[in-house]
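Hi,

Here is the structure I said I'd pass along. Have a look at it first, and then read on for what turned up.

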Amino acid sequence: MITFDHVSKVYPGDIQALDDMNLHIEQGEFVFVLGRSGAGKSTFLKMILREEIPTDGVVRVAGHDIAQLKKKEVPYFRRQMGVVFQDFRLIPNMTAYDNVAFAMRVTNVPEKTIRNRVPYVLGLVGLEHKLNAYPNELSGGEQQRVALARALVHTPQLIIADEPTGNIDPELSYEIMELLTAINSVGITVVVVTHEHELVHRFKKRVITIDKGHVVSDIPAGAEYTGGAEE
């Protein structure tokens, strides 16, 4: 699903974000990605989303060499994945239904399909009773569930969650992670970037730690993670 093969990224000013990074994530895996600020996590995500391309090396996502994608191919490539952000990124003057539907309307999906699909995915995240609620009428956890439904609406192969629990209470963080685990259980690859080490301890998934632009630790699923806040 995701392969980084000797990947380096140097930004203008000789800023080295990634340095000979090597990793492979299989289809259907659930992976936590850890690393302190400036470790290279943001660039790692931008490579997967094809917002950046490598200076050296090869990044392959869902069978595509991202550097070889033509500009017109990038939107279709991104439809294979769903992205969940820390700050939800919901449109404030749209209901939960319309926030999710909007992700389909911009890709010209027929309205009949939207009417069937949107209530279904909101039901999957436990919000079938909040279809007509606006973001300011929802709790932080509910807003993140809407964002997760939006990420799921195109039936992606891959979910990228960038600090998905950063703006919600710890108890709700577990609920979001349980949802992501359930999504993963049906074969969708899940990659979660987080600073919340307690979640990593609790869920016992594969843990990749990045530091100074390369992988310094790769703990398999089921193994005991013993890292701490300064990982």
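Which residues in α3 meet which residues in α5? From α3 they are A96, N99, V100 and A103, and from α5 they are V146, A149 and R150. Before going further, please keep in mind that this is a predicted model.

Let's stay with that pair for a moment. The axes of α3 and α5 come within 8 Å and cross at roughly 30 degrees. An angle under 35 degrees counts as roughly parallel, and therefore α3 and α5 are roughly parallel to each other. The crossing of α3 past α5 is right-handed. Sorted by class, the residues of this contact are five nonpolar, one polar and one charged.

Is α5 enclosed or open? Twelve of the 13 residues are buried, so the helix is largely enclosed by the rest of the structure. Those buried residues are G141, E142, Q143, Q144, R145, V146, A147, L148, A149, R150, A151 and L152. They pack against β6 (81–85), α3 (96–105), α4 (111–124), β7 (158–162) and α6.

E142 sits in helix α5 and has a relative accessible area of 18%. The cut-off for buried is under 20%, so E142 counts as buried. Leaving out residues up to four places away in sequence, E142 touches L127, K130 and E137. If you want a sense of scale, E142 and M47 are 95 residues apart in sequence, and their C-alpha atoms are 29 Å apart in space.

On the α5 side the contact is made by G141, Q144, R145, L148 and L152, and on the α6 side by L172, E175, I176, L179, L180 and I183. By class, that contact has seven nonpolar, two polar and two charged residues.

The buried residues of α6 are S173, I176, M177, L179, L180, T181, I183 and N184. They pack against β3 (30–34), α4, α5, β7, β8 (189–193) and α7 (197–203).

Now back to α3, this time with α4. These two helices pack at an angle of about 130 degrees, with their axes 9 Å apart. That makes α3 oblique to α4, and α3 passes α4 in a right-handed crossing. In α3, the residues involved are A96, Y97, V100, A101, M104 and R105, and they meet E111, T113, I114, R115, R117, V118, P119, V121 and L122 in α4. The class count here is ten nonpolar, one polar and four charged residues.

Two last stops are earlier in the chain. Helix α1 (residues 41–48) is mostly covered, with six of its eight residues buried. The buried ones are K41, T43, F44, L45, M47 and I48. Just after α1, R50 takes a positive phi of about 60 degrees.

R50 also turns up among the contacts of L69. Where is L69? L69 lies in the loop between β5 (64–65) and α2 (74–78). With a relative accessible area of 9%, L69 is buried. Setting aside neighbours within four places in sequence, L69 is in contact with R50, H64, V74 and F77. L69 and M94 are 25 residues apart along the chain, and their C-alpha atoms are separated by 33 Å.

Over to you!

Technical notes: Residues numbered from 1 in each chain as written. Predicted model: local features only at pLDDT ≥ 70, side-chain atom pairs only at ≥ 80, totals over all residues. Heavy atoms only, no water. Contact = heavy atoms within 4.5 Å. Helix = DSSP H or I, 4+ residues; strand = E, 2+ residues; numbered from the N terminus. Nonpolar A, V, L, I, M, F, W, Y, C, P; charged D, E, K, R; others polar. Buried < 20%, exposed > 50% of the residue type's maximum accessible area, 1.4 Å probe, protein only. Axes fitted to C-alpha atoms, helices over the stretch in contact; angles between N-to-C directions. Parallel < 35°, antiparallel > 145°, perpendicular 65-115°, else oblique. Left-handed = near helix turned anticlockwise from the far one by under 90°.
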